[in-house]
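Please keep the sequence and the three-dimensional view at hand while reading.

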Amino acid sequence: MDMATAPATHCSFGIPIHSHAASSSSFPNRLDCSSSSHFPLHLELSTISIFPRSSSPLKGSMDRVCARPDIDDFYWEKISTPILDTIENPICLKNLSLKELKQLAGELRLELSSIMSSTQIPLSASIAAVELTIAMHHVFHAPVDKILWDVGEQTYAHKILTGRRSLMYTMRQKNGISGFTSRFESEYDAFGAGHGCNSISAGLGMAVARDMKGRRERIVTVISNLTTMAGQVYEAMSNAGYLDSNLVVVLNDSRHSLLPKVDEGPKTSINALSSTLSKLQSSKSFRRFREAAKGVTKRIGRGMHEWAAKVDEYARGLIGPLGSTLFDELGLYYIGPVDGNNIEDLVCVLQEVASLDSMGPVLVHVITDDNQGVENNKRSDITDGQEDDSIKSNFLHYDVRQRTYGDCFVETLVSEAEKDKDIVVVNTGTMMEPSLELFREKFPDRFFDVGMAEQHAVTFASGLSCGGLKPFCVIPSSFLQRAYDQVVHDVDQQKIPVRFVITSAGLVGSDGPLQCGAFDITFMSCLPNMIVMAPSDEIELVHMVATAIHVNDRPICFRYPRGALVGRDQTICDGVPIEIGEGRVLVEGKDVALLGYGSMVQNCLKAHTLLAKLGIEVTVADARFCKPLDIKLLRQLCKHHSFLITVEEGSIGGFGSHVAQFIALDGLLDGSIKWRPIVLPDSYIEHASPNEQLQQAGLTGHHIAAATLSLLGRTREALQFMCS
């Protein structure tokens with residue numbers, strides 16, 4: 001039966017369903033929200049449960065989420081969203097007309113704006129991709145079809161449309177939903193998105209597995225501008241072109257350019273001609289004609305086929321934007337640019353792309369507007385036309401923030417760079433820390449932002465060092481993991497003095513395990529030539545910047561957390577280089593020695609204060625260095641104490657392991673000293689507030705005090721600290 005003539009079925013809330021998307025033999029011609037025979041998700045009003053604010057969503061309960069938020073949510077009271085209220089899952093988008101899809105886009109954009117104002121989570125990337133998200137779910141049949149996202153910040157509209165609307169207020173909170181896509185959270189999240197650049201590789205793997213299993217589902221991957229700066233994307237595209245499996249890649253170009261520097265070079269434009277050409281490129285008749293023409297030229301001869309291919313590439317290069325032929329060279333059929341905020345154009349192109357079998361990988365270049373939404377919301381016919389002042393106030397709130405370790409680092413580096421013209425900065429990651437703007441403004445010719453290209457950044461910094469400069473390579477801890485091969489081969493083995501500034505070290509709160517810097521102590525300290533250190537406060541950070549500048553015979557790294565400074569009201573003076581491998585004793589005691597590393601020194605001091613009230617005298621030492629260790633300090637602590645506790649905000653195998661290795665080989669463990677490590681647990685800690693994560697990890701001052709009391713045999717008091 002043809003899709004257009006198929007009798008309409010109904011959702012459990014009474015809306016008739018039929019699909020505007022092209023049908024495939026692997027999908028039913030009739031879609032019914034109340035039936036689970038074809039789609040895994042089963043939602044009915046009679047089974048819907050609403051999670052109250054005090055409770056947390058449980059794994060496996062995502063298919064029982066209400067379509068709209070609780071009635072007492074303030075944004076529900078302020079905003080009328082009649083179409084969005086009927087959407088329990090993407091199947092319910094199939095019946096909507098183009099006019100209704102446009103209205104849904106307006107409602108969804110308003111919903112995201114309200115969430116932004118109440119949660120202070122930046123949602124501009126998702127607001128820009130509203131129409132794209134709706135069009136993909138309207139055309140494709142998720143969760144049977146797999147939609148993979150590269151960047152978590154673009155997926156919030158996707159979360160709302162896939163049954164998580166009532167839980168959006170819990171996003172990035174303890175026991176709430178993730179700020180990224182998660183296979184554990186919803187069957188509509190086909191693959192985890194966090195750092196970016198993984199969706200094409202994973203999607204290609206799914207496509208090949210589909211072909212080998214004889215299935216016919218569609219695989220759609222969404223990448224962004226930041227993603228196009230990462231090497232893995234091009235490796236995956238090249239492999240996709242070689243394997244020639246059916247795969248749809250959507251490039252969500254929110255910066256109107258395929259170039260890394262937005263302010264330079266021509267911007268891709270969208271007009272009636274480009275829209276028409278995009279529809280022509282994606283049309284079934286045009287693509288089949290093109291394939292037939294290729295077959296004819298092959299029969300004529302190799303010379304004719306190569307000449308025709310050059311003409312085809314030249315012609316497509318003329319009508320496409322700058323850089324578009326790159327994707328054709330990699331083996332992906334390029335379609336675009338398409339207006340990503342025009343529902344009609346998106347649905348038309350995606351339907352054509354979805355209707356073709358055995359045509360290989362396709363890249364659809366979609367242009368979206370990051371500024372889309374605020375102006376449209378004012379004009380929307382579903383609002384009263386008044387601007388929400390709370391949104392303005394929350395945007396202003398972002399500008400008011402506490403001073404961070406990053407601010408201290410950059411101010412110190414600027415001061416040093418004014419005296420040393422060889423100091424340069426290489427920045428990498430998904431975005432630049434606001435504090436680094438100061439260095440870029442002061443020394444624009446000595447600042448290099450390579451974007452999401454960590455592997456290149458490390459080797460590039462190594463080359464700068466070989467050329468006589470003093471590069472500071474600024475990389476978040478979890479992103480440095482990508483470049484570890486380059487750290488080993490291009491830096492450490494060659495003893496090249498690159499200064500690694502490892503930001504977002506340790507637990508990172510609402511970003512959860514995806515950006516948690518748990519492993520850098522372990523994987524950097526095992527390198528033979530690497531100096532590994534960590535400041536306990538801002539004063540120590542200043543001294544470590546000076547130390548790194550003066551090390552010119554080997555690589556060196558230091559880490560600092562994402563949070564605010566310790567808060568001492570002290571004037572930060574010029575940094576004084578620390579002797580390599582020298583720790584310090586902050587407080588002297590006689591019962592137990594607490595040896596902290598990095599930010600955990602502060603929690604050791606808190607534990608000292610708590611224990612002092614119980615008459616327990618503890619020594620608190622700041623190791624400063626994980627490699628090389630302060631051997632003299634370690635021997636002193638082991639000689640004068642019965643217990644040694646090492647504390648670090650890192651994984652097993654880090655600072656504590658280095659301490660244990662030394663005291664074991666030195667014979668110190670053969671005496672009276674007893675050693676205990678406190679590290680991050682051997683598990684991933686989900687998103688929550690920083691304090692909640694520290695509580696879960698057992699790294700607070702109370703936990704350290706409890707561990708000390710337990711060693712001293714004062715178990716009852718230890719339990720009291722654990723419960724407080």
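Why is helix α26 largely enclosed by the rest of the structure? Eight of the 11 residues of α26 (residues 701-711) are buried, so this helix is largely enclosed by the rest of the structure. The model is predicted: local features need pLDDT of at least 70, side-chain atom pairs count only at pLDDT 80 or more, and totals for chains, interfaces and linings use all residues. Residues are numbered from 1 along each chain as its sequence is written, and side-chain values use heavy atoms, with hydrogens and water left out.

**Helix α26**

- Buried means under 20% relative accessible area, exposed over 50%, and partly exposed in between (1.4 Å probe, protein chains only).
- The buried residues of α26 are G701, H703, I704, A705, A706, T708, L709 and L711.
- After α26 comes G713, which has a positive phi, near 85 degrees.
- Helices (H or I, at least four residues) and strands (E, at least two) are DSSP runs, numbered from the N terminus.

**Aromatic pairs**

- Rings of Phe, Tyr and Trp (its six-membered ring) pair if their centres lie within 6.5 Å; planes under 30 degrees apart count as stacked, over 60 as edge-to-face and the rest as tilted.
- This rule gives a count of 10 aromatic pairs.
- The pair of F439 and F447 is tilted, because the ring centres are 6.5 Å apart and the planes stand at 45 degrees.
- Both F439 and F447 are buried.
- The pair of F448 and F460 is edge-to-face, because the ring centres are 5.4 Å apart and the planes stand at 80 degrees.
- F448 belongs to strand β9 (residues 447-451) and F460 to helix α17 (residues 454-466), so this pair ties together parts that are 12 residues apart in sequence.
- F448 counts as partly exposed at 26% relative accessibility, and F460 counts as partly exposed at 24%.
- A cluster linked by ring pairs consists of Y405, F409, F472, F558 and Y560.

**Charges over rings**

- A charge sits over a ring if NZ of Lys or CZ of Arg is within 6 Å of the ring centre and within 35 degrees of the ring normal.
- R172 lies over the face of F180, at 5.2 Å from the ring centre, and R446 lies over the face of F443, at 4.4 Å from the ring centre.

**Packing of α2 and α5**

- Helices α2 (residues 98-119) and α5 (residues 156-164) pack at an angle of about 110 degrees, and their axes are 11 Å apart.
- Axes are lines fitted to C-alpha atoms, for helices over the stretch in contact (heavy atoms within 4.5 Å), and angles run from 0 to 180 degrees between N-to-C directions.
- L108, E111, L112 and I115 in α2 meet Y156, A157, I160 and L161 in α5.
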